[in-house]
Amino acid sequence: MKYYTAQIKTRAEERYIRLFKSRYPELPVEIYFPKRTLDIRRKGVWVHTTRGIFPGYIFIELEAGKNITDYQWYFRRTDGFFRFLESNQNIVALENEDLNLVLHFIKKVGPVAGKSRVYLDENSRIVVLDGPLKGLEGNIIKVDKRKGRAKIKLDLYHESFAIDLAFEYLEPAAIPVDKRPQKNFVQFI
């Protein structure tokens, strides 16, 4: 499979996908817009929100033998489309780290990234047990235990940006023994 990125009007990504699928249901393409859930406090009240992980961008999946140039005009004719990445003249498929990052959210996490379960080890480093943060520990740049959020740095097409993902903090005593990371001890005789 090949994956491409298109820039769409921000906060209109889901509307764009619905419109595209209703106009061209016969096209053999899959379109993804990964989302995340966050609890945000507004005026003292916690509100459960769902937002895009990559606001303003959708990801297009094509079979390996297909070419995006055969379908580009269908995307460009749909209201809300801005451009393909890198550009409309040079449409580049996702590769290497960019592809791994997008596949992490599309295939491993699912359509909506929920809360991860984490705890802090004895060196005050965050340890992720499960959830969308699993595998992204090296990208965490800030942790806010009070709000239950971790700010992670993501790179896509040579651009860096930071997003918040929700987590549930567990006390180390509450973690089952089989879920704790194993330590390698050397026994001296």
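Let's start with Y157, which is buried at a relative accessible area of 11% (buried means under 20%, exposed over 50%, partly exposed in between, with a 1.4 Å probe and protein chains only). Its phi is positive, about 55 degrees, although Y157 is not a glycine. You'll find Y157 in the loop between β11 (149–156) and β12 (159–169); helices (H or I, at least four residues) and strands (E, at least two) are DSSP runs, numbered from the N terminus.

A quick word on the model, friends. It is predicted, so local features need pLDDT of at least 70 and side-chain atom pairs count only at pLDDT 80 or more, while totals for chains, interfaces and linings use all residues. Residues are numbered from 1 along each chain as its sequence is written, and side-chain values use heavy atoms, leaving out hydrogens and water.

Back to the backbone. Most residues other than glycine have a negative phi, and most peptide bonds are trans. R11 also has a positive phi, near 70 degrees, and sits in the loop between β1 (2–8) and α1 (13–23). Is R11 buried or exposed? At 80% relative accessibility, R11 counts as exposed. Then there is a cis peptide bond between L85 and E86, with omega about 5 degrees; E86 belongs to the loop between β6 (81–84) and α3 (96–109).

Now the sheet. Five strands form an open, mixed sheet in the order β9-β8-β12-β11-β10, where two strands pair if DSSP finds at least two bridges between them. At the edges are β9 (126–130) and β10 (140–144), each pairing on one side only. On average, neighbouring strands are turned by 40 degrees against each other, direction ignored; axes are lines fitted to C-alpha atoms, for helices over the stretch in contact, and angles run from 0 to 180 degrees between N-to-C directions. Helix α3 packs on this sheet, touching β11 and β12, and its direction makes about 135 degrees with that of β11. Contact here means heavy atoms within 4.5 Å.

What about the inside? The largest nonpolar core has 25 residues, and F54, F105, L133, I152 and L154 have the most contacts inside it. Such a core is a set of buried Ala, Val, Leu, Ile, Met, Phe, Trp, Tyr and Cys residues joined through side-chain atoms within 4.5 Å. At least two of its residues come from each of α3, β9, β11 and β12. Beyond its neighbours within four places in sequence, L154 touches residues including I53, L101, N139 and I163. Another core, of 21 residues, lies apart from the largest one, with I8, Y24, I58 and L62 among them.
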